[in-house]
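Please look over the chain and its ligand before reading on.

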Amino acid sequence: MSLAPQELENSASKYAAEAIKLDSEGSNGQAINAYQRAVEALVKLVQIYPDYKLNKIYMERASSYQNRIKALQVSNPLCDSDINRLGSFDQKPATSTNSILNNMQSVKKRNEPNTECSLYFEELLMTDKPKVSWNEVIGLEDAKRAMRESIVYPTMRPDLLPLGWARGILLFGPPGCGKTLIAAAAAAEIEGYFINVDAASMMSKWLGEAEKNVSKLFTMARKLHDSEGVPVLIFVDEIDSLLGNRNSEVGGEVRVKNQFLTEMDGINGKSRESKLYVIGATNKPWSLEAGFLRRFQKRIYVSLPNRESRIHLFDQYTKMLQMESSLKIEDLAKLSDGYSGSDVKDICQSAQLRVVDELFQSGKGLDSDSSTRCITESDFKDILKMRKPSVSMDMIRAYVRWSEQFKAL
Ligand SMILES: Nc1ncnc2c1ncn2[C@@H]1O[C@H](COP(=O)(O)OP(=O)(O)OP(=O)(O)O)[C@@H](O)[C@H]1O
Ligand SMILES: [Mg+2]
């Protein structure tokens with residue numbers, strides 16, 4: 001996920017905090033304006049990212065701000081409990097930018113049980129096991145082997161590993177190359193639980209104090225592990241967002257990071273038989289500091305596909321498409337140097353869309369007997385011309401450099 005939803009989210013939370021402050025000071029007109037802007041930012045967020053995990057909470061907040069606007073418009077006297085209901089921002093008057101930012105972080109009153117937010121937080125944790133097999137993960141042999149050694153073998157034959165095994169695994173590399181896919185394949189192979197958490201969402205100001213969310217996450221994993229005696233795999237996607245260099249908040253990230261490091265120490269120091277794992281994924285490994293890295297004994301580079309892997313990728317993604325018989329997958333692989341697995345998938349999708357579009361343009365789209373023409377090499381060439389690789393060569397060099405310095409297979 002790009003940073004864009006977080007940027008919009010930050011601007012929504014800025015307006016909301018401002019609105020609540022103005023509201024508590026009795027500046028009704030300005031408060032209405034600020035609430036309105038918060039609502040607009042939240043609605044925009046949901047429209048642009050209809051599948052974003054926090055949309056439910058955004059819409060609820062937007063509607064409570066809307067109600068407050070209505071109440072202010074009919075000039076109701078200010079009521080504290082109304083403001084409290086508006087959401088997770090503290091309404092204490094703020095005296096400086098820093099204190100506004102700090103206020104935005106705190107959730108309701110500190111000693112109140114925060115049932116609303118924990119409910120949302122738990123919804124964010126997906127515990128359904130993915131159905132991905134190792135065969136679907138193309139290439140990345142080193143990464144697959146390292147995952148098998150760390151997770152699959154120990155859960156199946158712990159007796160063969162008297163010296164123990166790694167509990168923390170970091171997958172790093174450019175976007176769209178299979179980090180999430182590989183974690184899902186490992187989870188699918190074990191008999192146990194897979195807790196999938198998106199670190200960026202966990203840091204959301206709309207969900208309450210992030211360090212408490214971190215601690216809740218690990219408590220939940222430990223409970224599952226200890227009570228059922230089965231492996232538990234915590235997958236933290238976008239783990240770099242825990243370090244919070246994405247905005248200028250003060251203090252929050254340090255607490256989150258320390259909480260995370262403490263929890264990781266707990267996992268690494270657990271009994272030899274423990275099958276509690278943390279897999280982190282990031283495409284910004286350089287933003288992780290040494291203390292963080294040390295807790296991940298395995299650090300695995302999930303790289304761009306090489307030519308052979310691209311052959312398999314094109315093979316996989318064109319399997320269900322009608323291709324001209326003279327078209328050679330090897331040629332497509334040659335033409336697509338520098339493209340990621342996810343780029344290859346998108347290219348194949350575009351090729352199919354192109355022939356579907358032609359069918360509709362010809363007026364035969366709705367005729368159920370009609371079918372598309374075969375996809376040719378020149379379709380792919382045209383698409384490649386219009387679609388550059390999503391990762392630049394400079395980025396790749398940065399990953400390779402980082403990998404040479406920090407990888408641990
Ligand atoms: N090695 C691969 N084998 C098969 N499919 C792949 C591979 N890499 C990427 N894909 C395709 O691209 C999609 C996106 O990959 P994935 O989500 O695993 O990337 P990621 O490395 O986690 O990216 P990000 O850093 O953006 O989270 C996959 O669902 C899959 O369809
Ligand atoms: Mg991913």
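**Briefing on the predicted model**

Helix α7 (residues 141-156) and helix α8 (residues 179-189) pack at an angle of about 35 degrees, and their axes lie 10 Å apart.

**Packing of α7 with α8**

- The crossing in which α7 passes α8 is right-handed.
- On the α7 side the contact is made by A143, K144, M147, I151 and V152, which meet I182, A186 and E189 of α8.
- Sorted by class, the residues of this contact between α7 and α8 comprise six nonpolar and two charged ones, with no polar residue among them.

**Packing of α13 with α15**

- Helix α13 (residues 307-318) and helix α15 (residues 341-361) have axes that come within 9 Å of each other and cross at roughly 40 degrees.
- The crossing of α13 and α15 is right-handed.
- From α13, the residues R310, L313, F314, Y317 and T318 meet G341, V344, K345 and C348 from α15, and the residues of this contact divide into five nonpolar, two polar and two charged.

- P130 sits in the loop between α6 (115-124) and α7, and P130 is classed as partly exposed because 17 other C-beta atoms lie within 10 Å, whereas a buried residue needs 20 or more.
- Not counting residues up to four places away in sequence, P130 touches A184, A187, A188 and F194.
- Although P130 and F194 are 64 residues apart along the chain, their C-alpha atoms are separated by 8.3 Å.
- M323 lies in the loop between α13 and α14 (329-335), and M323 counts as buried because 20 other C-beta atoms lie within 10 Å.
- When neighbours within four places in sequence are left aside, M323 is in contact with T318, C374 and I375.
- M323 and I375 are 52 residues apart in sequence, yet the distance between them in space is 4.7 Å, C-alpha to C-alpha.

**Loop residues with positive phi**

- L140 is not a glycine, but its phi is positive, at about 50 degrees.
- L140 is found in the loop between α6 and α7, and L140 is buried because 26 C-beta neighbours lie inside 10 Å.
- E238, which is likewise not a glycine, has a positive phi of about 55 degrees.
- The loop between β3 (232-237) and α11 (252-268) holds E238, and E238 is buried because 23 other C-beta atoms lie within 10 Å.

Terms used:
Residues are numbered from 1 along each chain as its sequence is written. Chains are lettered from A and ligands numbered from 1 in the order in which they are written. This is a predicted model: local features need pLDDT of at least 70, side-chain atom pairs count only at pLDDT 80 or more; totals for chains, interfaces and linings use all residues. Axes are lines fitted to C-alpha atoms, for helices over the stretch in contact, and angles run from 0 to 180 degrees between N-to-C directions. Helices (H or I, at least four residues) and strands (E, at least two) are DSSP runs, numbered from the N terminus. A crossing is left-handed if the near helix is turned anticlockwise from the far one by less than a right angle, and right-handed if clockwise. Two residues are in contact if their C-beta atoms, placed from the backbone, lie within 7 Å. Ala, Val, Leu, Ile, Met, Phe, Trp, Tyr, Cys and Pro count as nonpolar, Asp, Glu, Lys and Arg as charged, and the others, Gly among them, as polar. A residue is buried if 20 or more other C-beta atoms lie within 10 Å of its own, exposed if 12 or fewer, and partly exposed in between; C-beta atoms are placed from the backbone.
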